[in-house]
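Welcome, and please open your viewer with both the sequence panel and the 3D view showing. We will go from one selection to the next.

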Amino acid sequence: MQLYLPIAEVSVNVFLLLGIGGIVGLLSGMFGVGGGFLITPLLFFIGIPPPVAVATGANQVVASSISGVLAHLRRRTVDFVMGGVLLAGGLVGSAAGIYAFNLLQRNGQIDLVVQLSYVVFLGVIGLLMFQESLRALIRARRAPGRIERRQHLWMHRLPFKVKFRTSGLYISVIPPLAVGASVGVLAAIMGVGGGFIMVPAMIYLLGMPTKVVVGTSLFQIVFVTAFTTVMHAVTNYSVDILLAVILIIGGVIGAQIGTTVGARLKAEQLRILLAVVVLTVCGKLLFDLVVEPSELYSIGYRTTRG
Amino acid sequence: MIRALVLLVLAALPARAEEVVAGLSQTRVSITANFDGSEILVFGAVKRDTPPPEGPPLEVIVTVIGPAAPVNVRRKSRVFGIWVNTEAVEIDTAPRFYAIATTAPLFDILSHTEDLRHRISIPQGIRSVGAPPEVADAARFSDALIRLRQASGHYRVDAGDVGLTEDTLFHASFQLPANLTEGNYTVRIFLTRGREVIDHQVALIDVRKVGLEWFLYTLAHERPLAYGMLALALALLAGWGASAAFRFIRT
């Protein structure tokens, strides 16, 4: 069944979209990741214009994060002060990202920048995950290790210290602002939530207790991606509601199956699998950039008025 | 001077003896959610007061032209191993849709002067005024535009697709692609003899997105803030509702 997407202005098969939403939902249910970083490149592959894929991806992240936020709110595992600081940074970062996005779109370079960012991020994350899970596989055969919380000394010399009661921290607001802002830029340019950057940064850089990390990062992600969605809609007219709704439906169903399947598999094997998926998508994106395209010319429309 | 005028009138008179009377199968095309292309039929007849003149045969050209908009055509070249858009030419007007159907190959039945006068062939419909000085081969960009749009089915020239019966009745059908742009589409019908246009007629087709498509498209472009909020509300509702539903099923 073909469906005409009013904003992307392409006809696509509904079941293909449901399938993409479902597979990404399955993966996010299995691994507990947001999935935004997979859905956007998959949309490129089926011919959705990158600006629409990014803006709609951000919208999809809102949907996939909201239930998680609500669950963490109920469990009181959200540090609101820290979340607020991360969010303030995130909004500034997202606004800057949107500005850069529109500038690049006018110059015809946005497709390239989005694809390159994905190659870099998926490549780095895939490799790190692969290495980490290999190490974990080896470690699992030996004695169980302990992850140490590290605090950087230079961080304590920064001004504007604030007490983060829930996290039990007394640190400067500058590092969380910076972390939030860089995640905001990623949300605007790549259409991702950015949890894969923020969670490690919160644990290793800010030294937050793991108990509140996921809830607090989801709290920031929901608001930043919501803001990003609206900004893309207002400045670029590139959010496709129909596309988003279908992806969300597929994603929700997939996530439910994924959680059940994930519980039965071994964590280390799962992570190697995810690493392979991420590296494959990265490889395909890189391949498309490096190989001489059969058509060197392309048509750019003026999507922004005035 | 007068003699020349008389000659001209005399030459023009037999031409007016054949007139085109045309109809369309539909004057509205509606793009809906499951729109996957549409076909419009252009048909008509040649009205004459006298028997058909001797000489070159009657030929028919039908064009359907969509709304025009400026576009940027970009060209990639290799920079540090990857392919990057490096040059761009702005084309001032290019129709989003351009289809030509004829009874025979276009320039067998139409002279280049007549093409220039009536702007019939596709390159005539594309106007590019200024290319940036650093682009030496600007013509290639307009060629690329035509090639790309032909590949996507938005531009097409179908020689022999106009059926002509008894030099009187003609019909042509046009396949409209699924991703059609909204607007007024101009249908023009030309009658030619000996590569000269002897009569033509113009009709309009109104292509509109309707239903949900229309609603979403106009909302997104005219009230983008409301549209963004709607997108957000739907996402929140769907995300929360679905997990609530699944929790309910489990317990």
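Two residues count as being in contact if their C-beta atoms, placed from the backbone, lie within 7 Å. Keep in mind that this is a predicted model.

Start with the contact between the chains: select 47 residues from chain B and 45 residues from chain A. On the chain B side that touches chain A, the elements giving two or more residues are β5 (68–79), β6 (82–95), α5 (138–151), α6 (211–222) and α7 (224–250). Colour α7(B), which gives the most to that side, with 17 residues. Colouring by class shows 32 nonpolar, 9 polar and 6 charged residues on this side of chain B.

Now pick strand β5 of chain A, residues 297–300, and β5(B): 4 bridges pair them in the antiparallel sense. For one such bridge, select A:Ser298 and its partner in β5(B), B:Arg74.

Next, go to the largest nonpolar core, with 103 residues, where A:Val222 and A:Ala244 touch the most other members. Helix α8 of chain A (residues 210–236) gives the most to this core, with 14 residues. Centre on A:Ala244: beyond its neighbours within four places in sequence, its contacts include A:Thr56, A:Asn59, B:Ala231 and B:Ala235. A second, separate core has 43 residues, among them B:Ile109 and B:Tyr155.

Finish in chain B with an open, antiparallel sheet of 4 strands, ordered β1-β3-β10-β9. β1 (18–24) and β9 (163–165) of chain B each have a single partner strand, so one side of each is left without a neighbour in the sheet. From one strand to the next, the twist averages 20°. Zoom in on β1(B) and β3(B), residues 38–48, which are joined by 7 bridges; there, B:Glu18 has B:Arg48 as its bridge partner.

Conventions
Residues are numbered from 1 along each chain as its sequence is written. Chains are lettered from A and ligands numbered from 1 in the order in which they are written. This is a predicted model: local features need pLDDT of at least 70, side-chain atom pairs count only at pLDDT 80 or more; totals for chains, interfaces and linings use all residues. A nonpolar core is a set of buried Ala, Val, Leu, Ile, Met, Phe, Trp, Tyr and Cys residues joined through C-beta atoms within 7 Å. A residue is buried if 20 or more other C-beta atoms lie within 10 Å of its own, exposed if 12 or fewer, and partly exposed in between; C-beta atoms are placed from the backbone. Two strands pair if DSSP finds at least two bridges between them. Axes are lines fitted to C-alpha atoms, for helices over the stretch in contact, and angles run from 0 to 180 degrees between N-to-C directions. Ala, Val, Leu, Ile, Met, Phe, Trp, Tyr, Cys and Pro count as nonpolar, Asp, Glu, Lys and Arg as charged, and the others, Gly among them, as polar.
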